[in-house]
Amino acid sequence: MPVVAKTVILLIGSNIVMTFAWYAHLRHLNHKPWLVAALISWGIALFEYLLQVPANRIGHTQLELGQLKIMQEVITLGVFVPFAALYMKEPVRLNYLWAGLCMCGAVYFMFRR
(Lines give C-alpha, C1' and ligand atoms only; values in the text may rest on other atoms or scores of the structure.)
Protein backbone atom coordinates (compact mmCIF):
# COMPACT_ATOMS: atom_id res chain seq x y z
CA MET A 1 0.00 0.00 0.00
CA PRO A 2 1.42 3.44 -0.89
CA VAL A 3 2.79 5.58 1.94
CA VAL A 4 0.28 8.39 1.38
CA ALA A 5 -2.66 5.93 1.46
CA LYS A 6 -1.43 4.41 4.75
CA THR A 7 -0.99 7.89 6.17
CA VAL A 8 -4.46 9.02 5.12
CA ILE A 9 -6.15 5.89 6.51
CA LEU A 10 -4.38 6.20 9.86
CA LEU A 11 -5.11 9.94 10.05
CA ILE A 12 -8.80 9.36 9.32
CA GLY A 13 -8.96 6.84 12.17
CA SER A 14 -7.00 9.20 14.40
CA ASN A 15 -9.32 12.10 13.64
CA ILE A 16 -12.46 10.08 14.26
CA VAL A 17 -11.20 9.10 17.71
CA MET A 18 -9.93 12.61 18.50
CA THR A 19 -13.15 14.27 17.43
CA PHE A 20 -14.99 12.09 19.94
CA ALA A 21 -12.39 12.92 22.59
CA TRP A 22 -12.74 16.65 21.96
CA TYR A 23 -16.50 17.00 21.53
CA ALA A 24 -18.55 13.95 22.61
CA HIS A 25 -18.36 15.05 26.25
CA LEU A 26 -20.52 18.04 25.29
CA ARG A 27 -23.35 15.64 24.58
CA HIS A 28 -22.81 12.93 27.17
CA LEU A 29 -20.91 14.45 30.09
CA ASN A 30 -22.18 18.01 30.33
CA HIS A 31 -23.79 17.17 33.68
CA LYS A 32 -20.46 15.92 35.10
CA PRO A 33 -17.67 18.12 36.50
CA TRP A 34 -15.30 19.36 33.80
CA LEU A 35 -12.43 17.41 35.36
CA VAL A 36 -14.29 14.11 34.84
CA ALA A 37 -14.96 15.04 31.21
CA ALA A 38 -11.31 16.05 30.76
CA LEU A 39 -10.00 12.78 32.18
CA ILE A 40 -12.36 10.69 30.06
CA SER A 41 -11.44 12.73 26.98
CA TRP A 42 -7.76 12.27 27.77
CA GLY A 43 -8.28 8.51 28.00
CA ILE A 44 -9.95 8.48 24.60
CA ALA A 45 -7.18 10.66 23.17
CA LEU A 46 -4.58 8.04 24.09
CA PHE A 47 -6.04 5.80 21.39
CA GLU A 48 -5.89 8.69 18.95
CA TYR A 49 -2.15 8.97 19.50
CA LEU A 50 -1.73 5.25 18.81
CA LEU A 51 -2.93 6.02 15.26
CA GLN A 52 -1.59 9.56 14.80
CA VAL A 53 2.04 8.92 15.74
CA PRO A 54 2.51 6.03 13.26
CA ALA A 55 0.61 8.01 10.61
CA ASN A 56 2.97 10.95 10.90
CA ARG A 57 6.07 8.76 11.04
CA ILE A 58 5.00 6.85 7.94
CA GLY A 59 3.90 10.00 6.12
CA HIS A 60 7.06 11.92 6.93
CA THR A 61 9.09 9.40 4.92
CA GLN A 62 7.65 10.95 1.73
CA LEU A 63 5.84 14.13 2.75
CA GLU A 64 7.08 17.41 4.14
CA LEU A 65 5.91 18.46 7.59
CA GLY A 66 3.67 21.20 6.20
CA GLN A 67 2.06 18.73 3.81
CA LEU A 68 1.33 16.36 6.69
CA LYS A 69 -0.21 19.21 8.67
CA ILE A 70 -2.53 20.44 5.93
CA MET A 71 -3.51 16.85 5.12
CA GLN A 72 -4.46 16.39 8.77
CA GLU A 73 -6.48 19.62 8.77
CA VAL A 74 -8.43 18.62 5.65
CA ILE A 75 -9.15 15.21 7.17
CA THR A 76 -10.21 16.90 10.42
CA LEU A 77 -12.81 18.98 8.60
CA GLY A 78 -13.94 15.95 6.62
CA VAL A 79 -14.47 14.01 9.85
CA PHE A 80 -15.89 16.92 11.85
CA VAL A 81 -18.73 17.89 9.51
CA PRO A 82 -20.44 14.46 9.56
CA PHE A 83 -19.76 14.18 13.31
CA ALA A 84 -21.38 17.54 13.96
CA ALA A 85 -24.38 16.73 11.78
CA LEU A 86 -24.98 13.06 12.56
CA TYR A 87 -23.73 12.64 16.12
CA MET A 88 -24.14 16.09 17.66
CA LYS A 89 -27.30 16.87 15.62
CA GLU A 90 -26.01 20.31 14.66
CA PRO A 91 -27.06 21.93 11.40
CA VAL A 92 -24.54 21.89 8.57
CA ARG A 93 -23.97 25.48 7.58
CA LEU A 94 -22.55 27.02 4.46
CA ASN A 95 -19.51 28.06 6.53
CA TYR A 96 -18.24 24.48 6.30
CA LEU A 97 -18.22 24.75 2.52
CA TRP A 98 -16.32 28.05 2.61
CA ALA A 99 -13.82 26.60 5.10
CA GLY A 100 -13.38 23.58 2.81
CA LEU A 101 -12.74 25.81 -0.17
CA CYS A 102 -10.11 27.74 1.78
CA MET A 103 -8.48 24.44 2.66
CA CYS A 104 -8.42 23.48 -1.01
CA GLY A 105 -6.30 26.58 -1.56
CA ALA A 106 -4.06 25.61 1.34
CA VAL A 107 -3.64 22.11 -0.11
CA TYR A 108 -2.72 23.59 -3.47
CA PHE A 109 -0.01 25.78 -1.99
CA MET A 110 1.41 23.06 0.27
CA PHE A 111 1.60 20.40 -2.44
CA ARG A 112 2.66 22.45 -5.48
CA ARG A 113 6.17 21.85 -6.70
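By salt bridge I mean a side-chain nitrogen of Lys or Arg within 4 Å of a carboxyl oxygen of Asp or Glu. A search of the whole structure finds one. Glu73 and Lys69 are four residues apart in helix H4, so about one helical turn separates them. Glu73 is partly exposed, at 26% relative accessibility, and Lys69 is partly exposed as well, at 46%. For these words, buried is under 20% relative accessible area, exposed is over 50%, and partly exposed is in between, with a 1.4 Å probe and protein chains only.

Some ground rules. This is a predicted model, in which local features need pLDDT of at least 70 and side-chain atom pairs count only at pLDDT 80 or more, while totals for chains, interfaces and linings use all residues. Residues are numbered from 1 along each chain as its sequence is written, and side-chain values use heavy atoms, with hydrogens and water left out.

Now the overall picture. The protein chain has five helices and zero strands, and along the sequence the pattern reads α-α-α-α-α. Helices here are DSSP runs of H or I of at least four residues, strands are runs of E of at least two, and both are numbered from the N terminus. Taken along the principal axes, the C-alpha atoms fill a box of roughly 50 × 35 × 20 Å. Of the 113 residues, 28% are buried. Among contacts with a separation of 6 or more, 78% are between residues 24 or more positions apart. Contact means heavy atoms within 4.5 Å.

Next, helix H1, residues 3-23. At 1.5 Å a residue its 21 residues should span 30 Å, and the end C-alpha atoms are 30 Å apart, which agrees. The expected span is 1.5 Å times one less than the number of residues. Which residues of H1 are buried? They are Val3, Thr7, Leu11, Ser14, Asn15, Met18, Thr19 and Ala21. Seen down the axis of H1, they fall within an arc of 150 degrees, so they line one face of the helix. The arc is taken over the directions from the helix axis to the C-beta atoms. What do these buried residues pack against? Their partners are helix H2 (25-28), helix H3 (34-59) and helix H4 (65-87).

Take Thr19 from that helix. Thr19 has 5% relative accessibility, so it counts as buried. Beyond its neighbours within four places in sequence, Thr19 is in contact with Ala24, Val79, Phe80 and Phe83.

On to H3. Its 26 residues should span 38 Å at 1.5 Å a residue; the end C-alpha atoms are 35 Å apart, which agrees. H3 has a kink of about 30 degrees, centred on Glu48. The bend at a residue is the angle between axes fitted to the seven residues ending there and the seven starting there. Glu48 is also on the list of buried residues in H3, together with Ala37, Ser41, Ala45, Gln52, Ala55 and Gly59. The buried residues of H3 pack against H1, H2 and H4.

Pro54 is also in H3, and at 29% relative accessibility it counts as partly exposed. Not counting residues up to four places away in sequence, Pro54 touches Leu10 and Tyr49. Pro54 and Lys6 are 48 residues apart in sequence, with their C-alpha atoms 9.5 Å apart.

Then the core. A nonpolar core is a set of buried Ala, Val, Leu, Ile, Met, Phe, Trp, Tyr and Cys residues joined through side-chain atoms within 4.5 Å. The largest one has seven residues: Leu11, Ala55, Leu63, Leu68, Met71, Ile75 and Val79. Its largest share, four residues, comes from H4. Leaving aside neighbours within four places in sequence, Leu63 is in contact with Val4, Leu68, Met71 and Phe111.

Last, the loop between H4 and helix H5 (94-111), where we find Lys89. Lys89 has a positive phi of about 60 degrees although it is not a glycine. Most residues other than glycine have a negative phi. Is Lys89 buried or exposed? Lys89 is exposed, at 61% relative accessibility. Val92 lies in that loop between H4 and H5 too. Val92 touches Val81 and Ala85, not counting residues up to four places away in sequence. The C-alpha atoms of Val92 and Pro82, ten residues apart along the chain, are separated by 8.5 Å.
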